[in-house]
2 protein chains.
Amino acid sequence: MKSRIAVAILSTCGISLAFAGEPIQPIEAAVITEPGKVELGKKLFFEPRLSKSGFLSCNSCHNLALGGGDLLPTSIGHNWQQGPINAPTVLNAKYMLAQFWDGRAADLQEQAAGPIANPKEMALEHEVALDVLRSMPAYRAEFNAVYGDETISLDQVTDAIAKFEETLVTPDSRFDLWLKGDKQAITAYEQEGYELFKSSGCAGCHSGPAVGGTMYQKMGLREPFETDNPAQGRIDVTGKSYHRMVFKVPTLRNIDLTYPYFHDGSTYDLTEAVITMQKVQRGKDLPLEEAEKITAFLQTLTGKQPQIVMPILPPSNRNTPQPQPFVD
Amino acid sequence: MKSRIAVAILSTCGISLAFAGEPIQPIEAAVITEPGKVELGKKLFFEPRLSKSGFLSCNSCHNLALGGGDLLPTSIGHNWQQGPINAPTVLNAKYMLAQFWDGRAADLQEQAAGPIANPKEMALEHEVALDVLRSMPAYRAEFNAVYGDETISLDQVTDAIAKFEETLVTPDSRFDLWLKGDKQAITAYEQEGYELFKSSGCAGCHSGPAVGGTMYQKMGLREPFETDNPAQGRIDVTGKSYHRMVFKVPTLRNIDLTYPYFHDGSTYDLTEAVITMQKVQRGKDLPLEEAEKITAFLQTLTGKQPQIVMPILPPSNRNTPQPQPFVD
């Protein structure tokens, strides 16, 4: 009776029954309702003139050719500064309960403003970034067409970037096909890996459509996670000591593409990462063959990557603030 | 009679008569005969793992969202090193008589090998770059499918990149439409600019389909070109003193997109660049209104930009040499 009610509720929510009992739900294809904003946001996502150097764009560290990340332990910012933490993938980021590892941005729009002005990242003051865009008639016209206003505000810029990023989802992974009823879509071995993923407690935190991103959790719940990385997690947002080393649970979607792993990017090996997680979160030594099965399951989470036609960006002119690539 | 013979010869060469008397010929759309090589080459063009840092690709400095350049005076290389010379656009580069400003590479294939291993650019030894590619089954399979061989050689890598770059042409500029007979495609003002371009001697060097790239020429033929840039040009290739400050004549196709100008990237202003060229190459002070007309003509040379669907690059694995972003 209870499960019948649950099913009824899920049906109301539009979630198909095939996977009602599973901790993971499929990623659905993007439905684009505001194509003008998405197209403008794509331009801004690829726009290196939103950086002080004129060289770095959102796509530099959230490279859509590379699973939406940069494949580096921590990123490279203005003047080749080393970033403090591993760049999370932008793919399926819309499913996260908040943005950044410590959740300090409520949503994609709030997140988008951060790296532009961060002196370790793109290092361009917001007002200068806006002046760069305002200097170009083509951008003014496009903002006017999309927002009915050609003044170009930071809110509009970040709204457009967020609208583009919301389209960056990866449906139709083999696991999703399996969830939706195609029982041949994953192998028996991979399915055993999925059962282990659940029975070993991974799914307790890594759940929902993005297989993560629905909660915060302490890194090193049972045993300390050894790292040289100084990040302290959510304590920096809340000031509460029990939030030390508490991070947003990362998505495992496309995990095969988004190495190196953990907030410190300390391992490139997915199986090793699985074993480490069992150790620090559950205090257990996972046998290698079980870790390999879980790895095989995780590799079925690679979905259809967004097909992105590169934007053609409008030219600067004599009114455009010039980049300062070799100024600290 | 002489011109009738010329016309006959041109007809034999397949060049339409409409523009037989003009110093500029239209850019023709790419005809792709080896799509597998082009597709592989596109992956390699966007492949940051061909750099020591794992962060820089061909597209970093020859950005196809930005007219095939980086819009910087000189480029940013490994560890944020400042490059020695302005990055030339990759668009229409196949029309150049040789590659690099000093022509030290005979063709696109020879050029492609340079930046990968240049310690100031991507800084990755060729053998390591090849090992990176060889470590990934998806690359091995693709090289095998395209070259019938999965050993992956530098020649294959650079051949594929060159094959992709040969497709990066920009047909159908307004000027080309005019050349081909659409007399409304450019304005009377722009056409006056074109006449000035010819009568002022610009077309003496900037000719051919790419409006440049067909010869070497001294920069500062009549008066010295003042610059802090130490590049000496073709003397570094030939050792001949009369090749000091002799550079390949750059293409003026898409010149409105490919600022800043000159081998030292010393000006962002196209009209200023036109005036400087008249001064140093012809010893003449071009009136501003004539320079502005020539500028208006030059802006008609912006062609249809290549529409590039970003490639999805295969994931590294435990056999892939890891990037070293923070090692000199």
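Predicted model: local features only at pLDDT ≥ 70, side-chain atom pairs only at ≥ 80, totals over all residues.

User: What makes the pair B:K37 and B:D159 a salt bridge?

Analyst: Their side chains meet at 4.0 Å, N to O.

User: Which salt bridge can you show me between A:D269 and chain B, and why is it called one?

Analyst: A:D269 pairs with B:R318, and their side chains meet at 3.3 Å, N to O. An Arg nitrogen and an Asp oxygen within 4 Å count, so 3.3 Å qualifies. Across the interface of chain A and chain B, the rule finds 2 salt bridges. Polar contacts are found there too, in 12 residue pairs.

User: What is the side of chain A that touches chain B made of?

Analyst: By class, that side has 26 nonpolar, 17 polar and 5 charged residues. Helix α3 (residues 58–61) of chain A gives the most to it, with 3 residues.

User: How do you know how far the two chains touch, and what area is buried?

Analyst: Contact here means heavy atoms within 4.5 Å, and 48 residues of chain A are in contact with 48 residues of chain B. The area buried between the two chains is about 4000 Å², with carbon and sulfur atoms giving 70% of it. In chain A, the residues that lose the most area to chain B are A:F55, A:W80 and A:M310, together 22% of what that side buries.

User: What makes you relate chain A and chain B by a rotation axis?

Analyst: Chain A can be laid on chain B with an RMSD of 0.0 Å, using a turn of 180° and a shift of 0.0 Å along the axis. The two copies are therefore related as by a two-fold rotation axis. In chain A, the C-alpha nearest that axis belongs to A:V309, 2.1 Å away from it. The same surface serves both copies, since 100% of the contact residues of chain A recur in chain B.

User: Which residues of chain A carry the "binding site" annotation, and why say that they gather at one spot?

Analyst: The UniProt annotation, from an unreviewed entry, covers A:C202, A:C205, A:H206 and A:M277. They span 76 residues in sequence, yet no two of their C-alpha atoms are more than 11.7 Å apart, so they gather at one spot. One of them, A:H206, is in the loop between α10 (202–205) and β1 (216–218) of chain A.

User: What stands out in the backbone at A:P260 and B:I152?

Analyst: Most residues other than glycine have a negative phi, and most peptide bonds are trans. The bond from A:Y259 to A:P260 is cis, with omega near -10°, and A:P260 is in the loop between β2 (246–248) and α12 (270–282) of chain A. In chain B, the bond from B:Y259 to B:P260 is likewise cis, with omega near -10°. As for B:I152, it has a positive phi of about 65° although it is not a glycine, and B:I152 is found in the loop between α6 (137–147) and α7 of chain B.

Methods. Residues numbered from 1 in each chain as written. Chains lettered and ligands numbered in written order. Heavy atoms only, no water. Buried area = accessible area lost by both parts, 1.4 Å probe. Polar contact = N/O pair within 3.5 Å; in protein donor to acceptor, adjacent residues only side chain to side chain. Helix = DSSP H or I, 4+ residues; strand = E, 2+ residues; numbered from the N terminus. Nonpolar A, V, L, I, M, F, W, Y, C, P; charged D, E, K, R; others polar. Least-squares fit on C-alpha atoms with pLDDT ≥ 70 in both. UniProt positions renumbered as here; feature names shortened; annotations may be inferred.
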